[in-house]
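Here are some notes for a first look at this entry. Please read them with the sequence and the structure open.

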Amino acid sequence: MNLDKLFKRAKEKGIQDLEIFASDRNSLSIDIFNGEVDKYEIADTNALTIKGIYNNKMGHFRTEVLDDSVIDEILDTIIASAKEIDSLDDAIIYEGDEHYEDLQDIYNEELFNLDVQKKINHLLALDKYLHEYDKRVSVVETMYSENTNAVILKNSKGINLSNKANSAYIGGNVIVKDGVDQRVGFDVVISNDFNDFDIETIGKEIIDDALASLGAKPVPSDNYEIVFSNGAIATLLSAFQGIFSADAVQKGLSLLKGKLGEVVGSELVSIVDDPFMKKSSRSRSFDDEGVATAYKELVGKGVLKTFLHNLVTAKKDGVKSTGNGFGGNVGAVNLKLEAGNSTLDEILASCQKGIYITNVQGAHAGVNAVSGDFSLQSSGYYIEDGKKVKPVALITVAGNFLEMLKDITMVANDLKMSYYGVTSPSIKVKSMTVSGS
Amino acid sequence: MLLEQKLIEQILDTALETGADFSEVYIEDHQSSVLQSVSGRLEKSNNTKSFGVGVRIAKKFQSVYGYTNSKNPEDLIKLAKDLSKSFNDESLTKRTPLMELEVGKKHHVKIKPSEVALQDKVKLLKTAYKHASEFDEVIKQVICYLVDDEKEVLIANSEGRFVTETRVKVRLMVSSVAADKGMMQTGSAGDGSGKGYEFLFEEMDIPAHAKEASKVAKTMLYADDCPSGVMPVVIHNAFGGVIFHEACGHSLEATSVAKNASVFCDKLGTKVASDIVNAIDDGTIENAWGSANFDDEGYPQQRRVLIENGILKSYMIDKINARRMKMEPTGSSRRQNYKFSPTSRMSNTFIDNGTSTIEEIIANTKYGLFAKKLGGGSVNPGNGDFNFSVMEGYMIRDGKIAEPVKGAALVGNGAEILHKIDMIANNLDRQRGMCGSASGSIPADVGQPTLRVKEITVGGRKKGA
């Protein structure tokens, strides 16, 4: 699309300010099933999100049709939308910041240029490793996925920014059987450096837990000390990350409303948003509104320090945007629960009667982000007097997110980034309600 | 025509040049709008327009897929060429000339979203807000959504299949937040259809749904924590069907069956449920949320009897997995949009009517949970373990519905729970859902009559009795 023409037509139609956010996304994904390439996908898509202010209200349009013939239709729809919007929110298009962080390592040309056959061969090697690992392995599926995302932000107030990042993940699914029981294992490793994809490390992460959990059964319903693995607690943090959004707070939809400066977790709890995290393809130097991103502590030693803001929520609260305006909403870039000093082994050894939870399911449905209540299907291991006694499955662990943060008694040093971008160490919670047999 | 037929034929031919035995082109022209009102004021009016082409090439079980949103003939031919490099075989498959199938007559739409003025859409949101917010003074926030979606698809393949279809979906949802004494709970309700705006203007009782959302929020606000433990659970009709969807439906999709990754593998013709269970996946129900004339491989949608009197009768099978399974496709292949390769998915899936009544079921339950409204859930098809959340629940005591309880989750195993259904009522109803899986998020109906599961693990915050 001829952007000069778009901006010119917008002005002619009486649109006060206009902003475009262009994204160009390239992806490759490969699945191997039982030693053969089962799926191979390549894709290239371009999209343009256009925002325009008319009558001091904002209209939106997202289009993947990029020829000049749709310019008038898009601008007319933006005007029609703006005319109907009666929200009291301000419509803001940003003039830009002085300084934007220079992120060097978020695009790795080497990864993009690496021969596809090498990527396939690596996946085949993982497939072979998993098949030969143990005779109880029955089904193996491995996958590699790679994305390159280039974005451009440009507006009538003079902003002209761009960002390019790439990342890949490699991982697998296994089903293991022992004649009586059947269990599944899954894990992925994310990086934009192919050297991080060590077959043995990934293979063990995928399969060890599945094998160890064969024969898992529910434990009796009771209260237990709970240890969440780094991956399991990341799932829960991800499901609750919306409570840090100032938009949710202002709409009365966050349980953190009115709690700025108050203690919301144990002093072992520090939660940050790190938009400059290395090797994360989510890392950004500016948000979708053109505001410079910044490292920030949301919770510091248990105290709630700030909410996440975009331009509109910041203006309402009389503060500066934190650079967290993404996709028309407010969100963290790379949410991270800071590591502690304990090792996972020390934590497990500290449990008298506990459950080490390595997997939680159904977080999209089993959590109530407004009340903080959750009840999640979980699996892991029963721990007695500091020792793993037996695998556990089909239990639910129920609690309230804020009460849980306050009851965290140990934090491990084993930081891990989950595939949806939340980084966390393993943690121990004093006591939670478990429902089982 | 979304693309010239000659160009489509060129793409299909190019794709076969290196020895693949199947090629397919999927073209999609799509527009949608999402309106969101907060406290009765229109806050978002987001419009989307997209166009894309997906090309799939296969040889035996192996398939490759690529997509682009370019209309440029050179880009499209290049895409087919790039994808075809995955194959290398001397023996070539010849393409069958395209034969357009008659456009399906079902699922007629009277008022397309593109024909409705924005202010008329906004009026619907204002009506919903009014009734939800005026329900009770504990209702502190009401968020309403109006979503419409209009899509034109064209599917053509090297076997001569050639279909086009226009698909329309509309949906209105209300989410109410009740707050009192520092406590907060949400309730939601809404409805949608494969019809056009005539559904929202004429058929849907918007005030009733709006009040329902607020009623659930208020009820749950004052509800006690649900006790945990193993107990009988009566699951109410309509959205209660999500239990079958999650616990069994996903495990009957060829995506998991073909790869020997489902607990229902090799179980056709065997007893998988108690005798009173009949389960159906029907993509032909007129204007239903999960219906279409054709699936996303261009096969006519079908009515599939999955389970009859407890016996497993059919899986849901797409073309490539059909080859692996040495069975016929069942018209079950679906995808969110051109960015996804299609695979076997559910359409409108439900457990059929039984012979009991809801009154009999409650009266026959001494102690248990009445799960009136379920939220979402998920399942691991590898071993059938599932979970789902209860949005509105009540205890059953001495054959009567007693106090409301909140925060309950149901967990169990799909293969086991089907055998534990011991009473089914005669009040079958379906409800709208969005189902996320391998080929993206798609509209799918779930449904069932009120039924009882003899015993199931209920997870709550209160230690069980």
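Which residues of the largest nonpolar core touch the most other members?

1. The model discussed here is predicted. Its largest nonpolar core has 71 residues, and those that touch the most other members are A:Y144, B:I8 and B:I27.

2. Leaving aside residues up to four places away in sequence, B:I8 is in touch with B:L3, B:V25, B:I27, B:L98, B:L154, B:A156 and B:F162. One of these, B:I27, is itself among the residues with the most contacts in the core.

3. Helix α1 (residues 5-16) of chain B and helix α2 (residues 73-84) of chain B have axes that come within 8 Å and cross at roughly 20°. With an angle under 35 degrees counting as roughly parallel, α1(B) and α2(B) are therefore roughly parallel to each other. The crossing of α1(B) past α2(B) is right-handed.

4. On the α1(B) side, the residues that meet α2(B) are B:L7, B:Q10, B:I11, B:T14 and B:A15. Their partners in α2(B) are B:P73, B:L76, B:I77, B:A80, B:K81 and B:S84. Sorted by class, this contact of α1(B) with α2(B) holds 7 nonpolar, 3 polar and 1 charged residues.

5. In chain A, helix α4 (residues 116-133) packs against helix α5 (residues 199-212) at an angle of about 35°, and their axes are 10 Å apart. Here too the crossing, of α4(A) past α5(A), is right-handed. From α4(A) the contact draws on A:H122, A:A125, A:L126, A:Y129, A:L130 and A:Y133. From α5(A) come A:I199, A:E200, A:G203, A:K204, A:I206, A:I207, A:D208 and A:L211. The classes in the contact of α4(A) with α5(A) are 9 nonpolar, 2 polar and 3 charged residues.

6. What does B:Y299 touch, apart from residues up to four places away in sequence? The contacts of B:Y299 are B:E159, B:R161, B:N293, B:F294, B:K319, B:P329 and B:G331. B:L221 lies 78 residues from B:Y299 along the chain, and their C-alpha atoms are separated by 48 Å.

Methods:
Residues numbered from 1 in each chain as written. Chains lettered and ligands numbered in written order. Predicted model: local features only at pLDDT ≥ 70, side-chain atom pairs only at ≥ 80, totals over all residues. Heavy atoms only, no water. Axes fitted to C-alpha atoms, helices over the stretch in contact; angles between N-to-C directions. Helix = DSSP H or I, 4+ residues; strand = E, 2+ residues; numbered from the N terminus. Parallel < 35°, antiparallel > 145°, perpendicular 65-115°, else oblique. Left-handed = near helix turned anticlockwise from the far one by under 90°. Contact = heavy atoms within 4.5 Å. Nonpolar A, V, L, I, M, F, W, Y, C, P; charged D, E, K, R; others polar. Core = buried A, V, L, I, M, F, W, Y, C linked by side-chain atoms within 4.5 Å. Buried < 20%, exposed > 50% of the residue type's maximum accessible area, 1.4 Å probe, protein only.
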